[in-house]
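Visitor: I am new here. Please walk me through a few parts of this model.

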Amino acid sequence: MNVVVSTLNAKYIHTCLALRYLKSYCAPEYDVQMAEYTIKDPVMNIVSDLYSRNPDVIGFSCYIWNIEETIPIIEMLKKINPDIKIVLGGPEVSYDVPQWLERLEHVDYIVVGEGEATFKDLLQALEKGEDPESVAGLAYMKDGKPHRSAPRPKLDLKTVPTPFRFEEDLSQLSKRVTYVETSRGCPYSCAFCLSSIEVGVRYFDIEMMKEEIRFLMANGARTIKFVDRTFNIRREYALEMFEFLIQEHLPGTVFQFEITADIMRPEVIDYLNENAPVGLFRFEIGVQSTNDATNELVERRQNFEKLTRTVTTVRDGGKIVQHLDLIAGLPEENYDSFRRTFNDVFAFRIEEVQLGFLKMLRGTGLRLRAEQHDYIYMDQAPYEILGNNVLSFGEIIKIKRVEDVLEKFWNDHRMDTTVSYLIDEVFPSAFDFFQQFGDFWETRGWSRIGHQLEDLFKRLHDFLVHEQVEGLPMIEGLMKYDYFIRQKHKPRKPWWDFTMDKQTQTTYFRYLVSSPEKVSSEFVELGLNEKDLHKHVMIEKLPFDLEAFLENGTIKKNDTLLIMYFDPKSQEATAFTLPDQKIATNEMV
């Protein structure tokens with residue numbers, strides 16, 4: 001019997017851990033083929049590839065991001081070969097099962113919940129021609145009506161074989177995100193999350209997991225993401241794994257975790273700040289809302305004071321990248337309340353703030369009681385809300401504009417110095433800056449076109465001119481610095497028109513060659529000649545002392561020469577400054 005398990009990932013770099021567990025659990029009795037695609041691949045291409053594998057059974061792993069793209073594939077396969085058995089599984093089809101069976105007439109079976117043992121038992125039943133009623137955890141149409149077999153007990157995770165050692169995966173480990181899990185389940189009961197439905201937390205054997213991570217690293221894995229819903233729920237377990245990863249990681253490897261910040265013990269943070277190499281770990285922290293009443297309505301326990309302690313201590317340690325999640329549209333969180341939530345979280349000034357919108361997932365408590373808050377939402381996945389009793393569709397659209405510019409102008413870190421200054425000194429708050437800029441962005445129609453890096457700087461400048469902000473020359477100087485400092489090479493055409501003609505520039509270069517000590521000892525050590533300066537240096541006049549501003553935020557209105565050196569070896573930019581009054585006029589002639 002030929003068996004294929006398949007899914008559509010959001011992007012090529014992602015991998016589906018579920019397929020690999022199914023393949024490993026079904027072995028050696030069944031040599032299951034894995035077939036991964038993306039949601040942007042043409043349906044005909046996917047169907048052609050699956051058909052060429054001559055399958056008797058195809059299992060699809062279904063999620064909110066791929067279910068609607070998967071359905072046409074199923075329908076086409078059944079038209080081509082009605083004898084292929086189509087099996088669905090995954091979180092998207094494990095709830096509201098009767099509706100799925102009635103809607104998807106070409107689906108033969110749905111695996112409900114944890115799928116490894118159920119899928120294998122189903123294959124054995126199909127091969128032997130046995131009644132599928134004997135397979136626990138299965139749903140299918142029987143006598144024209146949706147039918148479910150007996151529920152299946154949870155797996156003992158210590159008996160599940162490794163999903164990480166397939167030959168076909170090894171060559172791609174360095175190019176894709178490798179997902180691992182050391183536990184299943186979540187101890188919390190957040191009403192908007194599917195993880196809250198599974199009671200209790202079960203763990204894989206920690207020594208086995210260490211061995212698998214060693215194997216993955218040895219075979220080239222560079223980005224390893226733990227999908228545990230709350231990685232740090234058991235302090236001793238988390239600390240032991242952190243210690244292992246610090247001691248045995250290979251250079252260039254990054255590990256990502258979802259943690260609950262308000263239960264993170266201070267001694268664990270201190271250990272990480274003292275021992276973790278810079279950039280080894282990345283924490284994803286779900287804040288969602290700082291409104292206590294809202295959190296209570298969704299049965300979410302959160303101590304924001306302790307969360308603040310964790311986030312700021314980790315941030316100040318400078319070792320770990322943090323990614324904080326927000327959800328717009330939670331119960332009784334109106335526009336003004338969400339503005340406060342956003343500003344509370346952005347005040348941390350961590351690396352990434354992810355602004356998402358509530359999705360009414362099948363099976364969640366919030367979807368079951370949606371009428372209590374007058375929720376309206378999309379009928380099909382991803383079931384995103386369109387409004388509720390305190391948040392209108394118009395307000396959701398406004399917040400989406402915040403999300404758009406937040407991604408481009410903060411999370412991508414193209415101009416941190418400028419944006420921080422605008423938020424601190426020019427606009428009432430972070431939310432107000434992103435909202436006003438987002439509204440302006442929309443009126444210009446920029447959300448419907450692509451953007452080069454230079455375009456983003458120009459668009460911000462257009463917005464600031466439109467708003468008639470005070471101190472624009474100072475802000476322009478910060479934008480120029482931000483543009484330069486993130487370049488790997490000397491840019492050919494910056495986003496602004498240079499104020500300095502070539503002759504003046506050459507005069508400055510000659511001065512810098514003859515008097516490098518006037519800049520700094522570090523600049524002297526570069527040993528640059530005039531040819532090097534023309535090739536690897538750009539200069540520009542600023543109306544303020546950039547060095548003083550970068551050190552302590554002080555604004556001193558002194559004309560300053562900004563000297564940007566682009567190192568051809570390290571491909572990094574370094575900024576030097578020279579106050580105009582230090583330049584001897586007679587030496588410039």
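Visitor: In what sense do strand β19 and β20 pair?
Guide: This is a predicted model. Strand β19 covers residues 560–566. Seven bridges join β19 to β20. The sense of the pairing is antiparallel.

Visitor: Which residue in β20 stands opposite leucine 562?
Guide: Look across from leucine 562 into β20. The residue standing there is threonine 577.

Visitor: Which strands stand at the edges of the sheet?
Guide: The sheet is open, and its three strands run in the order β18-β19-β20. An edge strand has a single partner, so one side of it is left without a neighbour in the sheet. That is the case for β18 (537–542) and β20 (573–579).

Visitor: What does the twist average from one strand to the next?
Guide: Go from strand to strand in the order β18-β19-β20. The twist averages 20 degrees.

Visitor: Which helix packs on the sheet?
Guide: Its residues are 502–514, and β18, β19 and β20 are all touched by it. Its direction makes about 105 degrees with that of β18. The helix is α19.

Visitor: Are α8 and α9 roughly parallel or antiparallel to each other?
Guide: Helix α8 spans residues 235–248, and helix α9 spans residues 266–275. Their axes come within 11 Å and cross at roughly 5 degrees. Angles under 35 degrees count as roughly parallel. Therefore α8 and α9 are roughly parallel.

Visitor: How many residues of the contact of α8 with α9 are nonpolar?
Guide: From α8, the residues include Leu239 and Phe242; from α9, they include Val268 and Tyr271. One residue of the contact is polar and three are charged. The nonpolar ones number six.

Key. Residues are numbered from 1 along each chain as its sequence is written. This is a predicted model: local features need pLDDT of at least 70, side-chain atom pairs count only at pLDDT 80 or more; totals for chains, interfaces and linings use all residues. Side-chain values use heavy atoms; hydrogens and water are left out. Axes are lines fitted to C-alpha atoms, for helices over the stretch in contact, and angles run from 0 to 180 degrees between N-to-C directions. Helices (H or I, at least four residues) and strands (E, at least two) are DSSP runs, numbered from the N terminus. Angles under 35 degrees count as roughly parallel, over 145 as roughly antiparallel, 65 to 115 as roughly perpendicular and the rest as oblique. Contact means heavy atoms within 4.5 Å. Ala, Val, Leu, Ile, Met, Phe, Trp, Tyr, Cys and Pro count as nonpolar, Asp, Glu, Lys and Arg as charged, and the others, Gly among them, as polar. Two strands pair if DSSP finds at least two bridges between them.
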